[in-house]
Amino acid sequence: MVLADLAAECFDESIALGEYDEMTARIQKRVLSQVKDDPRRRRFALRQALSIALIAAALVSLLTASAYALGLFRLNKNHIPEEGIVHGEWIERDKEGNITYIQNMDYTDTNLTFTYDCGGTPHYVQFQPRWLPMEGKGWTEDGWYSYFGNDGDSAEGQIPYKIECFYAVPGYQLVMLYESEIVEETTGNGYEVTKLINHNPYMGDENYVLLFSADHGYMIRVGGSLDMETMEKIAENLEVRITDEEVEYNPDYNIGCLNIGRG
């Protein structure tokens, strides 16, 4: 920019930067001999700083737009090596915020955890199951649910199916207890879809379909002892609504389990 600026006062010819010819070489030599003492260098420094600021602002705007285009949230699938330990904490505090108790949560019987990259705060979601293999019950508000399922015929038997909402919050780990095998990863209907089999040594194999929204930062888990095709059909027939209420989370509780359970 300095070369082109000063060269304009030396010659009327048009200068094309990046191309070499004799005229350009002469101008460059003369300009370099003058530029060190030219008072306009200070004005150029200011113009350069302003240009950089404008470029930075444009990049921020572009990156923000790209983040929205690609989704504000990201689901990370972390494969844990054999004999690896997954650690988290549940911290209790008194009314003044002082720590009164720390419960260390260490998981060794797992090979898969989920964490999130967050570019915003998700909102609570609710669902209505439009198809079910059998009746169930759950936590409802005006016919919309955040938790729904069937516990089975006995307290000791397998759980046929469960549906539950989870949310992308920073620093939180979701642990899939016991060995898990991801069998398919696809996208559809605005979701990243993960299908996996969990080899539960106590209840037998369980099938899971996870629906993750990268745009809105929530995940719906559909899991149970029924076959994978049934889990897929339940997931495909969920109607979901996003509420106006932002998710509140406590960073003192930074780990939890993704497995289905009773209650």
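Start by selecting five elements: β10 (179-188), β11 (191-200), β12 (204-213), α4 (228-236) and β14 (238-246), each of which supplies at least two residues of the lining of the second largest pocket. Helices (H or I, at least four residues) and strands (E, at least two) are DSSP runs, numbered from the N terminus. This is a predicted model, in which local features need pLDDT of at least 70, side-chain atom pairs count only at pLDDT 80 or more, and totals for chains, interfaces and linings use all residues. Residues are numbered from 1 along each chain as its sequence is written, and side-chain values use heavy atoms, with hydrogens and water left out.

**The second largest pocket**

Now select Asn189, Val193, Leu211, Ala235 and Glu236, which lie nearest the centre of this pocket among its 14 lining residues. A pocket is found on a 1 Å grid over the protein atoms alone: where a cavity is a set of points at which a 1.4 Å probe fits but cannot get out, a pocket is an open set with protein on both sides within 12 Å along at least five of seven lines, and lining residues have an atom within 4 Å of a point. The volume here is about 240 Å³. Grid points are joined across faces, edges and corners, and a volume is the space filled by probe spheres set on the points. The lining has 7 nonpolar, 4 polar and 3 charged residues. In this count Ala, Val, Leu, Ile, Met, Phe, Trp, Tyr, Cys and Pro are nonpolar, Asp, Glu, Lys and Arg are charged, and the others, Gly among them, are polar.

Stay with strand β12 and pick Glu206, which lies in it. Glu206 is buried, with a relative accessible area of 3%. Buried means under 20% relative accessible area, exposed over 50%, partly exposed in between (1.4 Å probe, protein chains only). Select Leu196 as well: its C-alpha atom is separated from that of Glu206 by 8.6 Å, and the two residues are 10 apart along the chain.

Next, select Cys165, Phe166, Tyr167, Tyr172 and Val247, which lie nearest the centre of the largest pocket, lined by 13 residues. About 320 Å³ of space lies in the largest pocket. Its lining has 11 nonpolar, 1 polar and 1 charged residues. Strand β8 (residues 161-167) gives the most to this lining, with 3 residues.

Select the whole of β8: 7 of its 7 residues are buried, so the strand is largely enclosed by the rest of the structure. In a regular strand the side chains alternate between the two faces of the sheet. On one side of β8 are Tyr161, Ile163, Cys165 and Tyr167, and on the other Lys162, Glu164 and Phe166, all buried.

Strand β7 (residues 144-150) runs antiparallel to β8, joined by 4 bridges; two strands pair if DSSP finds at least two bridges between them. Tyr147 stands opposite Glu164 in β8. Strand β13 (residues 218-224) also pairs with β8 in the antiparallel sense, over 6 bridges, and Ile163 stands opposite Val222 in β13.

**The four-stranded sheet**

Last, select β1, β4, β9 and β15, which form an open sheet in the order β1-β4-β9-β15, with mixed pairing. The edge strands, β1 (73-79) and β15 (255-257), each pair on one side only. β1 pairs with strand β4 (residues 110-118) in the antiparallel sense over 7 bridges. Asn76 stands opposite Thr115 in β4.

Finish on Thr110, which lies in strand β4. Thr110 is buried, with a relative accessible area of 7%.
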